[in-house]
Amino acid sequence: MLDQHDVSQTGLRQSRKKKANIARARRILHGESAQIDEVLQLARRLARSGNFGYGRRLLSKILPTIGTQNPNYVELVHLFALCCSKDHAMRGHQALARALATLRDVADLAETCDAETLNIAGALHKRMWEVGAQKHHLVRSLAYFKRACEHGEGTQKAHAGIAAAFLLDVLAHSEDREAAQAGTTSESAPTRRMQAQHLRQDLSSSLPELLDLPENKKLWHDWRFLATIAEAFFGLKRYQEGAFWLQKVADLNIGDRHLEATTRHLATLARLQEVPLPGTKVDRSPAWNCLRALVGSDVAALMSAPLGKLGLALSGGGFRAALFHVGVLARLAELDVLRSIEVLSCVSGGSIVGAHYYLEVRKLLQEKEDNEITRDDYIAIVQRIERDLLAGIQQNIRTQVAADGLAILRVLF
């Protein structure tokens, strides 16, 4: 076992390597020359460290300069498409469609049986569904992942199978909801859920066996592979076994970003399978107790996991917008939603309220522990913002001048 000092030193070395890779990518993006082999290796390292944005930009610059006959062309295209699917800055449908078109340059997606190509195509369509919420992208993504699972081996089959199982549950949940709104029941949803469980049963029995093979020792350090096993058991509601594998993931010290993403993903899966959300009896829920392997004793993190990251945008419009935003904050505070807001995006008049709110919340977090903060604290924050904003408007210089006839005459003369 590594002690805390070894873990911190390892993290420091990884941070330095990551910064060095980003610095090199920036220099290439600004015109510094580089060989294709170096770009390929650099793009691999950027993707492994989660810097998909730099990997995407680097490869988008290099790809047009090389021919399709280059021996590295297919791998470069794969890396480019993968970075596009993982880069959350890629929010536009057209940008993702261009990445998919690039992938089609190296394979006929309707015919290919190459698991890596199919996995990337599935990931791109899944991202397009997340951006545009169009069901046909979800269906296409599922088809690619299922074919990749059929023809893939090892980690490629594992990642494709677990993704297909998740999307089957997504579709089943959507079809149940649509049928309920029409006053009927879905005929396809139960079949989809059964298919998802069959995939998970296959993965839960076959993947742990791969770890026993001498040539697969590195998989014990592959957090995504271990998380895939954990998700297979979690989706089968075999939570004790799921917690065992999640603990293996946590032991790898993969960082808060990956832990948060994994926790939110599993929380979403629990919600799709209609596992009750955590509440006052969270300690009695096997599903949410399973996730404690990742979040530890942080109940607040566990409670926020099903919600995902919530943001609040406050638009411009001067003081009229500011007053409107105070009303929005007041209602969110009454509904006890305000405590779940993690991101603020403000402009112009919205920035007046946003900045004040941020300072008030920061002061609250400095004075109280998370478990001591209540709904009433957020209501009080909004009330203070309302009071201070009103006082500021009443002291507005232009308003005072306009109301003072003598001051107007002084200005005129």
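Reader: How many helices and strands does the protein have?

Author: Helices (H or I, at least four residues) and strands (E, at least two) are DSSP runs, numbered from the N terminus. By that reading the protein has 20 helices and two strands. The model is predicted, so local features need pLDDT of at least 70 and side-chain atom pairs count only at pLDDT 80 or more, while totals for chains, interfaces and linings use all residues. Residues are numbered from 1 along each chain as its sequence is written, and side-chain values use heavy atoms, with hydrogens and water left out.

Reader: What percentage of the residues count as buried?

Author: Buried means under 20% relative accessible area, exposed over 50%, and partly exposed in between (1.4 Å probe, protein chains only). Of the 413 residues of the protein, 42% count as buried. Threonine 262, in helix α12 (residues 256–272), is buried, with a relative accessible area of 11%.

Reader: Which residues is threonine 262 in contact with, leaving aside its neighbours within four places in sequence?

Author: Contact means heavy atoms within 4.5 Å. With those neighbours set aside, threonine 262 is in contact with Trp223 and Leu294. For the protein, 66% of the contacts between residues at least 6 apart in sequence join residues at least 24 apart.

Reader: At what angle do helix α6 and helix α7 pack?

Author: Axes are lines fitted to C-alpha atoms, for helices over the stretch in contact, and angles run from 0 to 180 degrees between N-to-C directions. Helix α6 (residues 115–132) and helix α7 (residues 135–151) have axes 8 Å apart and pack at an angle of about 160 degrees. Angles under 35 degrees count as roughly parallel, over 145 as roughly antiparallel, 65 to 115 as roughly perpendicular and the rest as oblique. Helices α6 and α7 are therefore roughly antiparallel to each other. The residues that make this contact include Leu118, Met128 and Trp129 of α6 and Leu138, Tyr144 and Phe145 of α7.

Reader: Is the crossing of α6 and α7 left-handed or right-handed?

Author: A crossing is left-handed if the near helix is turned anticlockwise from the far one by less than a right angle, and right-handed if clockwise. The crossing of α6 and α7 is left-handed.

Reader: How many salt bridges are there?

Author: Side chains of opposite charge can pair when their charged atoms come close. A salt bridge is a side-chain nitrogen of Lys or Arg within 4 Å of a carboxyl oxygen of Asp or Glu. By this rule there are 20 salt bridges. One of them joins arginine 127 and glutamate 130, at 3.1 Å from N to O. These two residues are three apart in helix α6, and so are separated by about one helical turn. Arginine 127 is buried at 6% relative accessible area, whereas glutamate 130 is partly exposed at 39%.

Reader: Which parts does the salt bridge of glutamate 175 with lysine 135 tie together?

Author: The closest N and O atoms of glutamate 175 and lysine 135 are 3.8 Å apart. Glutamate 175 lies in helix α8 (residues 154–181) and lysine 135 in helix α7, so the pair ties together parts that are 40 residues apart in sequence. Glutamate 175 is buried, with a relative accessible area of 8%, and lysine 135 is partly exposed at 36%.
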